[in-house]
Amino acid sequence: MNAAESLTPPAETLPIEAHRPPAWLLDRCSQAAAEFAQRGYPDPRHEEWKYTKLRTLKNQSFVTASHAPMLDAADLERCTWPDLPSHRLVFVDGIYQPALSEPGDLPAGVQITSLAQAIAAGAVGLETVLGTLVDAQYSSFAAWNLAQLFDGALIQLAPDTCLQQPVHLLFIHSAQPTPQIYHPHSVIQAGQGSKAHILEHHIGLPGAQGFCNSATEIHLSANATLEHTLLQEHSEASYHIGNLFIRAQRDSRLISHNINLGGRLTRHDLNVDLCEPGAEAVLNGLFVVGGTQHTDTHTRIHHRAPHTRSDETYHGIADDQGRGVFKGRVLVARDAQKIEAHQHNANLLLSDKAEIDTKPELEIYADDVRCSHGATIGQLDPQSMYYLQSRGIDREKARDMLIFAFADEVIQRLPLAPLAKHIEHALQTRLPEGVSV
Amino acid sequence: MLTIDHLHARVEAQEILKGINLEVKAGEVHAIMGPNGSGKSTLCQVLGGREGYTVTGGSVQFKGQDLLEMAPEVRAREGLLLGFQYPVEIPGVKNIYLLKAAYNALRVHRGEPEADTFEFLALVREKLKLMQMDEQFLHRAVNVGFSGGEKKRNEILQMLILEPALAVLDETDSGLDIDALKVVSEGVNRLRSAQRAIILVTHYQRLLNHIEPDHVHVLYKGRIIRSGDKTLAHELERDGYQGIIEEAA
């Protein structure tokens, strides 16, 4: 199937039908398919796509992965860390791999499974959480994802359950002769007072090529605390568009880390709805682009209720001809008094041909709020460079130290030390002089 | 060790140094004093090799080599270390990492292997104690959130670890309370040795009560207008700069 064909009205059968879905689900997928067929790719003149052009993506042909190739232990080793025990689900080219997965021992009331398996097994209670946050009006790609729903992760935390180890959702993109497309869809349902850290990890094996169009729906019930880390390490020939939808109820807390290192063209939309008083979202992000990489993050935080808080810190680094885009939108509803919203976006531009576009956007309809935002684009601080040189450190090393430090401010916010170390290491290998910590 | 000969330098279009002559030998401590705007800091930055400070005439020989030809990092590795008047804050770079990178750069320059981590830590701990600094300093970002006194202590800590042949201390005493001044002065006094030289650039005579100089120079309008021994500092303390300036005019 090439891109043009994928835009034709939904085929007679949708992928979800393979799992004998309940009527409501088939309905939702069909509606999404109709929505996508009508909308197609976003209009390049659309404000939301001003800085990210999809021409090369549109002109590519992709095939849908029908079965996943066998991976060996070495492949898996590239993507996991022995010093970070986790509950692990592995997907290869979007398809669940039970043999590679190790959900491990789970506390009573916690479910971590393949969404396809859950649907096929007739799991109850999915109707309120699957496909309900996907805002098809907002994103063509989210609609496309839901239309093509086939597999992904389902994580359900019963009230007051707590996971000590992180959940590692490992989406591996394998190297195939023909570029592939897959649409992983994950649902995370955190019950009242529950707590967990979910690592959504997208990684391409050397030589992988294709397009991952992911969607993740996160439901936080009252007083739940969820840390969600999105780590994107696609290969240099891959495209990734990801839509995250988060709905946070009373006194719940989302801590999001969004780390984008790989891929040819990547775009993530984080949609956070703070629906009830006391809900809080902390969003940390880092992107590093070099070569001709392009990455784009749009965050949209909607303060719908009073006494909600958001705090956003994004750092971007662009070298060579790399291009980075950050748009941070904060909406404060008329009745959402006494909210606090802070946004900080800092960027390092390391070459004349690199480009950064940053755009804070605040829409505030309440009158008693505390909001701040700041965006900077700059080069390395010459004073810091001179200070390091004056201590005997050469220019190249000083440069690497300062770039690393800039990125590390965000990396250090990750509570999982082995994961932070992995990201630091990935960054170090891209810095010519290398830096150890 | 250091020979400055008819040094002229400008910052942007303005000529600041107008023919400085200075000879510093191993084992000596020189104090360079002068009113604000006399060119003290410019001299330090020219010695450090900062961009934007252009030498328009004269020469500087350091250990028999042309200092002005060297990149800032080479000057440091050759043993000329500059203590900053305003140490720079560098978020995200830990003190211990800066110290280690600097120490190893020095060792590699001398053809020695990089330092063993444990030995290096032991060395750092010993020097921390001398400067009455807590070990937590090592894990804080360089100068970020440090008080004025802590920044200056940190400069001297680096000196004690890197052991330069020539330490140039730019207004190391400014912004220090009397207790911090004592600690910093003690650190500087520990640097003194027959093989090493120190240039203290200061506005106040107070520092020289704690670090006794062998030579004192008065810098005014880009020239050294008078040199003498430590008694010159006392004379300045008593009479101020005005007398000497008028006398030189």
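Chain A and chain B bury about 2100 Å² between them, with 61% of that area on carbon and sulfur atoms. On the chain A side, A:Tyr386, A:Tyr387 and A:Arg391 stand out: they supply 40% of the area that chain A buries against chain B, more than any other three residues. The model is predicted.

**The interface in numbers**

| Item | Value |
|---|---|
| Residues from chain A in the contact | 20 residues |
| Residues from chain B in the contact | 30 residues |
| Salt bridges across the interface | three salt bridges |
| Polar contacts across the interface (both residues at pLDDT 80 or more) | nine residue pairs |

By class, the side of chain A that touches chain B has eight nonpolar, six polar and six charged residues. Two helices of chain A, α7 (382–389) and α8 (395–411), each supply at least two residues of that side.

One salt bridge joins A:Arg391 to B:Glu155. Their closest N and O atoms are 2.6 Å apart. A:Arg391 is also one of the three residues that supply 40% of chain A's buried area against chain B.

**A residue in strand β12**

A:Ser238 lies in strand β12 of chain A, which covers residues 237–248. Its relative accessibility is 0%, so A:Ser238 counts as buried. The cut-off for buried is under 20%. Leaving aside residues up to four places away in sequence, A:Ser238 touches A:His173, A:Ala208, A:Gln209, A:Gly210, A:Gly263, A:Arg264 and A:Leu265.

Definitions and conventions: Residues are numbered from 1 along each chain as its sequence is written. Chains are lettered from A and ligands numbered from 1 in the order in which they are written. This is a predicted model: local features need pLDDT of at least 70, side-chain atom pairs count only at pLDDT 80 or more; totals for chains, interfaces and linings use all residues. Side-chain values use heavy atoms; hydrogens and water are left out. Contact means heavy atoms within 4.5 Å. Buried area is the accessible area (1.4 Å probe) that two parts lose on being put together, summed over both. A salt bridge is a side-chain nitrogen of Lys or Arg within 4 Å of a carboxyl oxygen of Asp or Glu. A polar contact is a pair of N or O atoms within 3.5 Å; within protein, one must be able to donate a hydrogen and the other to accept it, and residues adjacent in sequence count only if both atoms are side-chain atoms. Helices (H or I, at least four residues) and strands (E, at least two) are DSSP runs, numbered from the N terminus. Ala, Val, Leu, Ile, Met, Phe, Trp, Tyr, Cys and Pro count as nonpolar, Asp, Glu, Lys and Arg as charged, and the others, Gly among them, as polar. Buried means under 20% relative accessible area, exposed over 50%, partly exposed in between (1.4 Å probe, protein chains only).
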